[in-house]
Amino acid sequence: MVVLPYKDSLLLFSRYLQQLVMESLGKEKDLDNQIVNQGIAVYGNKGSTDQHAYVQQLREGVPNFFATFIEVLEDRSGASIEVEPEVTSGDYLSGFLQGTQQALYEKQRGAITVTIPQVNPQTVGALIALYERAVGLYASLVNINAYHQPGVEAGKKAAASLLDLQRQVLQVLRSTERSLDLNTLAQQVGSPEQIESIYKIVRHLAANHRGVVLDGDRAQPSSLSVSLKQGDRLNQDNLTRVTKSLQVNR
């Protein structure tokens with residue numbers, strides 16, 4: 001599904017539709033717990049930009065999409081600026097819209113046009129309501145739950161576990177006086193199967209000056225040794241002593 005709104009103020013609408021459609025309909029299983037791998041890929045920005053970006057492929061490439069043009073009749077409130085005699089910027093935008101429609105029609109590409117009189121809270125609300133209902137209806141037709149997001153939750157849980165892994169990596173580095181290669185570090189963390197994630201963690205920390213030092217060829221992770229800057233280790237030791245002192249004095 002390609003969304004082409006020919007209005008700068010509707011730039012974010014295509015991104016909203018991307019989230020609405022792909023999160024609601026991108027499901028592995030249906031309501032009967034059968035694997036169906038449903039979903040509709042949505043992309044778009046705004047028509048005046050997109051027609052110079054990927055309309056070439058839409059017209060002459062693989063016909064595995066349908067396009068939605070969003071047309072706004074009113075160019076702006078007040079007089080439009082003439083960029084040529086008797087031709088305004090809004091006239092150009094209307095010409096681009098009709099020209100792109102014609103280019104796709106000539107190649108029998110699937111497309112629809114939604115026309116609104118102007119952009120205001122009422123018409124934007126109507127567009128949102130239209131697509132929310134369309135998504136809900138489509139979900140019922142293909143027998144999926146449009147109102148949960150297990151894939152999104154899986155990503156959040158994975159991110160949380162990686163942050164926990166980062167804390168464990170830092171704890172191991174603070175507890176040793178020597179440099180560790182990635183294999184040894186992963187073993188001491190207790191997650192040898194996550195050596196790639198550990199490599200990415202220490203690479204990120206080193207690149208952002210977080211006290212981690214990487215020695216070796218970063219293009220050859222097996223050659224790397226990982227350590228903590230001395231100052232960061234001392235600061236952590238002092239913090240640990242203060243924390244223990246506070247616990248004793250409670």
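# A walk through a predicted structure

Phe-96 is found in helix α4, which covers residues 89-106. Now look for partners of Phe-96 beyond its neighbours within four places in sequence. Phe-96 is in contact with Tyr-6 and Gln-51. Gly-47 also deserves a look. Phe-96 and Gly-47 are 49 residues apart along the chain. Yet their C-alpha atoms are separated by 8.2 Å.

Next, go to strand β1, residues 2-5. In a regular strand the side chains alternate between the two faces of the sheet. Look for that pattern here. Val-2 and Leu-4 point one way from β1. Val-3 and Pro-5 point the other way. All four of these residues are buried.

Which strands pair with β1? Strands of a sheet pair through backbone hydrogen bonds, either parallel or antiparallel. One partner is β4, residues 43-44. β1 and β4 pair in the parallel sense over two bridges. Another partner is β5, residues 67-72. β1 and β5 also pair in the parallel sense, over four bridges. Here Val-2 stands opposite Ala-67 in β5.

Now move along the chain to another sheet. Three strands form an open sheet in the order β9-β11-β10. The pairing is antiparallel. Which strands lie at the edges? They are β9 and β10, and each pairs on one side only. Take the β9 side first. Strand β9 spans residues 180-181, and two bridges join it to β11. Leu-180 has Val-226 as its bridge partner in β11. Now take the β10 side. Four bridges join β10 to β11. Val-213 has Ser-227 as its bridge partner in β11. Asp-215 stands opposite Ser-225 in β11.

A helix goes with this sheet. Helix α6 lies across β9, β10 and β11. α6 runs at about 80° to β11.

α6 also meets another helix, α7. Two packed helices are described by the angle between their axes and the distance between the axes. The axes of α6 and α7 come within 9 Å and cross at roughly 105°. The two helices are therefore roughly perpendicular to each other. Which residues make the contact? From α6 come Leu-165, Gln-168, Val-169, Val-172 and Leu-173. From α7 come Leu-185, Gln-188 and Val-189. By type, the residues of this contact divide into six nonpolar, two polar and no charged.

Some of these names return in the interior. In soluble globular proteins, nonpolar side chains tend to be buried together. The largest nonpolar core in this model has 21 residues. Leu-173, Leu-185, Ile-198, Val-202, Val-212 and Val-226 touch the most other members. Which elements give two or more residues to this core? They are α6 (150-174), α7 (182-189), α8 (195-207), β10 (212-215) and β11 (225-228). The largest share, six residues, comes from α8.

Val-202 is then in contact with Val-169, Leu-182, Leu-185, Val-212, Leu-214 and Val-226. There is also a second, separate core of 20 residues. Its members include Phe-13, Leu-20, Val-21 and Val-135.

Asn-37 is in strand β3, residues 35-38. Asn-37 has a positive phi of about 50°, although it is not a glycine. Is Asn-37 buried or exposed? At 55% relative accessibility, Asn-37 counts as exposed. His-209 is found in the loop between α8 and β10. Phi of His-209 is near 55°, a positive value in a residue other than glycine. With a relative accessibility of 69%, His-209 counts as exposed.

Note on methods:
Residues numbered from 1 in each chain as written. Predicted model: local features only at pLDDT ≥ 70, side-chain atom pairs only at ≥ 80, totals over all residues. Heavy atoms only, no water. Core = buried A, V, L, I, M, F, W, Y, C linked by side-chain atoms within 4.5 Å. Buried < 20%, exposed > 50% of the residue type's maximum accessible area, 1.4 Å probe, protein only. Contact = heavy atoms within 4.5 Å. Pairing = 2+ DSSP bridges. Axes fitted to C-alpha atoms, helices over the stretch in contact; angles between N-to-C directions. Parallel < 35°, antiparallel > 145°, perpendicular 65-115°, else oblique. Nonpolar A, V, L, I, M, F, W, Y, C, P; charged D, E, K, R; others polar.
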